Structure formats: C-alpha cells, structure tokens
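Subject: Structure handover

Hello,

Here is the structure for you to look over. My notes on what was found follow below it.

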Amino acid sequence: MVKTDKKLNEHVTDLRTNTSQGKEKSQNNPPKSFPLNLKIIILGIVLTFLVINGVFAYGIYGLGWNGKVTKLFVNVMPYPAALVGGNFVKVGDYFHNLDSYKNYYQVAQKTDFKTEEGQKIFKTLKDDILNQLIEEKIIKKEAAKMNIKVNKTEVDEEYKKLVDANGEDTLKNQIKNYYNWDVSEFKQKIASMLLRKKLEDKVKQDDNLNKDKKAKAEEILKRIKNGEDFATVAKESSEDPSGANGGSLGTISKGQLTPELDDKAFSLNPGETSDVIKTIYGYHIIKVTDKKDDEVSLSQILIKNINFDDWLKQKEAEYKVKKLLNLDKIKS
C-alpha cells in the first residue's frame with residue numbers, strides 16, 4: 001500500500017507550490033494543439049452534416065419530402081414552414097398536424113386519399129393546416145400584446161365539459177384513434193381554441209378597432225332622426241338578415257335578447273328609436289313598434305363588428321407572413 005501511494009505521489013503535481021522549476025517546465029512545454037488527424041475528423045463530420053442538411057433541405061422544399069426519415073430529421077432540425085414576423089412555424093409541427101388530421105379523415109370519415117375526391121380533400125387540408133398554424137402564431141403574438149392569457153383551470157374546465165358529455169374513456173379513445181393525440185396534446189389544442197376566442201371577443205369589443213363601424217352606425221342614426229323611414233334605411237344599410245324585411249324581428253319576449261338590447265327594448269315606448277347600442281355582435285339601432293306586458297314588437301339595424309378573420313388577414317400582412325413549403329409537392 002505504501003509503495004502504491006509513493007508511486008502515485010510521484011505523478012501528482014502539488015498545485016499549492018509555485019516553484020521556479022514548475023514555471024520553467026510550463027514555458028518549455030506549451031499547450032499542444034489538436035492533432036492533424038482529429039482536425040480532419042471534425043472537419044469531415046461538419047462537412048457531412050452540411051451535406052446531409054443540404055440534401056434534406058432540397059428534398060423538403062424542392063421535392064416535398066414527408067416520409068418517416070424526413071419527419072424524424074425535422075424533429076431535430078427546426079426547418080421553417082412559414083415565417084411570421086420574427087418567428088416561424090416549424091416544418092416538424094406542420095407534418096405532425098397534417099398527419100393528425102389526415103388520420104382523422106381516414107378513420108372517422110373513411111376517406112381514401114388515393115381517389116380523386118381524396119386528393120381534393122388532401123390539397124385543402126394541406127393549405128388549411130399551414131394557415132391554421134400561421135394564425136396560431138399571430139394570435140399568440142397579439143394576445144401577448146393585449147395581456148390576454150388562458151390558464152390551466154380554464155383548460156381543465158373545458159376538458160371536463162367534454163368528459164361529462166362523452167365519458168373520459170370514450171374521449172381519450174377518440175382523440176387517440178382519430179388524431180393520435182394524448183390528453184396533454186389535446187389540452188394544448190383546447191388552450192389554443194380558448195385563446196383565439198378571448199382575442200376575438202377583445203377585438204370585436206374594442207371601439208378603437210371598430211371606430212369605422214361605430215361611425216357608420218352613428219351616421220345611420222342621424223338619418224333616422226332627420227326623418228328618414230326606419231324600414232327603408234334598414235333595407236339599405238343593416239348587416240343583419242332582418243334588414244331584408246325592413247329590420248323587423250317580430251315579437252320578442254323579455255330575456256330573449258342580449259342584456260344590453262333587452263334593457264333598452266323594454267324601456268322604450270312604441271314608436272321610439274334607441275341611440276346606438278353596443279353588443280358583442282356590433283352596433284344596433286332598435287325601434288319598438290308595439291309593446292304588451294313582457295313582449296315587444298321590434299325592428300333593428302345592425303352594423304356588425306370587424307370580422308375577426310379579416311382582422312387576422314390584416315395582421316398577416318403586417319407580419320409579412322411568407323410560406324416556404326411547396327405544398328403542391330407534398331404527397332399523401
């Protein structure tokens with residue numbers, strides 16, 4: 001044992017001692033560079049990676065590769081499917097979602113993608129999936145600007161509603177068989193859906209975003225107050241289907257309308273017209289033509305809020321969205 005320790009000590013440098021001998025040894029033996037062979041190996045690895053990366057890039061963007069090996073590769077390498085401002089939709093996410101919804105059509109709808117009709121469905125599906133992922137990126141960005149969030153409790157409550165309606169085992173089997181999702185991924189989809197709904201409600205209720213709509217409704221109200229016939233103006237200007245009938249909604253019972261309209265309708269006397277009323281649907285002008293107990297005969301003019309899909313298209317232009325995949329090359 002002593003002999004072993006002595007031998008070990010002969011090969012251990014005492015770092016606590018800074019002798020001139022140590023300095024001289026350090027000066028006479030500068031750090032060694034990588035051996036030439038090691039440099040060649042590293043360079044070869046780098047070049048091989050670049051070649052493989054280039055081949056897959058050409059295959060994905062130029063030839064529409066979407067086979068198993070390609071899908072494994074893009075799960076490691078985050079190739080962009082579309083640019084959205086400073087972010088991008090990953091090719092891996094696109095392929096994953098495309099496979100999920102394709103599986104749904106095959107299992108639930110019995111779609112044969114080899115048929116002419118199946119090819120039409122697949123073409124639409126390819127476009128819809130990429131557009132959906134682009135929209136999700138935009139929605140996340142805009143929701144963050146407006147401090148709109150979806151918390152875990154909200155997601156769990158929505159999931160529980162689906163469990164109560166279908167049964168948990170049935171629901172789990174459906175999302176697995178139809179989409180190849182587990183509960184965690186399904187809840188992510190629920191969160192995206194809730195975030196979209198919250199943002200849509202915010203956009204529709206924002207007077208600044210809807211200032212042109214509000215101004216149009218106020219101009220219509222001026223025309224009516226200046227003596228123009230309500231029914232005639234409704235036919236010309238209302239964006240509700242009732243406009244074709246001069247705005248008539250028929251007889252309405254108390255509680256059938258949104259709270260804002262309900263309160264105003266039952267406070268007006270027959271023949272009276274309201275000011276502009278804001279609801280989640282847009283800007284309303286209502287006129288009571290008759291009133292009995294808990295019923296009123298009502299007409300309305302509606303100027304709808306900004307269309308959320310149109311608003312998203314505007315944002316898409318602002319973010320200078322660029323789609324990179326050649327979807328026509330991707331085969332089913």
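Glutamate 142 lies in helix α6 (residues 116–145). Helices here are DSSP runs of H or I with at least four residues, strands are E runs with at least two, and numbering starts at the N terminus. Glutamate 142 is buried, at 3% relative accessibility. Buried means under 20% relative accessible area, exposed means over 50%, and partly exposed is in between, with a 1.4 Å probe and protein chains only. Leaving aside neighbours within four places in sequence, glutamate 142 is in contact with Leu199, Trp311, Lys315 and Tyr319. Contact means heavy atoms within 4.5 Å.

A word on the source. This is a predicted model, in which local features need pLDDT of at least 70 and side-chain atom pairs count only at pLDDT 80 or more, while totals for chains, interfaces and linings use all residues. Residues are numbered from 1 along each chain as its sequence is written, and side-chain values use heavy atoms, with hydrogens and water left out.

Overall picture

The protein has 13 helices and seven strands. Of its 332 residues, 31% count as buried. Take the contacts in the protein with a separation of 6 or more: residues 24 or more positions apart account for 61% of them.

Aromatic residues

How many aromatic pairs does the structure hold? There are 16. Rings of Phe, Tyr and Trp (its six-membered ring) pair if their centres lie within 6.5 Å; planes under 30 degrees apart count as stacked, over 60 as edge-to-face and the rest as tilted.

One of the pairs is tyrosine 104 with tyrosine 178, edge-to-face at 5.7 Å centre to centre and 85° between the planes. This pair links distant parts of the chain: tyrosine 104 is in helix α5 (residues 91–107), tyrosine 178 is in helix α8 (residues 168–179), and they are 74 residues apart. Tyrosine 104 is partly exposed at 22% relative accessibility. Tyrosine 178 is partly exposed too, at 28%.

Tyrosine 159 and phenylalanine 186 also pair: their ring centres are 6.3 Å apart and their planes are at 70°, so this pair is edge-to-face. Again the pair links distant parts of the chain, with tyrosine 159 in helix α7 (residues 152–166) and phenylalanine 186 in helix α9 (residues 183–205), 27 residues apart. Tyrosine 159 is buried, with a relative accessible area of 6%. Phenylalanine 186 is buried as well, at 12%.

Both pairs belong to one aromatic cluster, formed by Tyr101, Tyr104, Tyr105, Tyr159, Tyr178, Tyr179, Trp181 and Phe186.

Two lysines sit over rings. Lysine 187 lies over the face of tyrosine 159, 4.9 Å from the ring centre. The charged end of lysine 278 is over the ring of tyrosine 283, 5.2 Å from its centre. The cut-off: NZ of Lys or CZ of Arg within 6 Å of the ring centre and within 35 degrees of the ring normal.

Helices α3 and α4

The axes of helix α3 (residues 36–62) and helix α4 (residues 68–76) come within 11 Å and cross at roughly 115°. Axes are lines fitted to C-alpha atoms, for helices over the stretch in contact, and angles run from 0 to 180 degrees between N-to-C directions. On the α3 side, the contact is made by Ile52, Asn53, Phe56 and Ile60; on the α4 side, by Val69, Thr70, Phe73 and Val74. These residues divide into six nonpolar, two polar and no charged. Ala, Val, Leu, Ile, Met, Phe, Trp, Tyr, Cys and Pro count as nonpolar, Asp, Glu, Lys and Arg as charged, and the others, Gly among them, as polar.

Leucine 63 is in the loop between α3 and α4. It is partly exposed, at 38%. Not counting residues up to four places away in sequence, leucine 63 touches Tyr58 and Lys329. The C-alpha atoms of leucine 63 and lysine 329 are separated by 5.9 Å, yet the two are 266 residues apart along the chain.

Positive phi

Most residues other than glycine have a negative phi. Asparagine 180 has a positive phi, near 60°. Asparagine 180 lies in the loop between α8 and α9 and is partly exposed at 43%. Aspartate 293 has a positive phi of about 50°. Its place is the loop between β5 (282–292) and β6 (295–304), where aspartate 293 is exposed at 75%.

Best wishes
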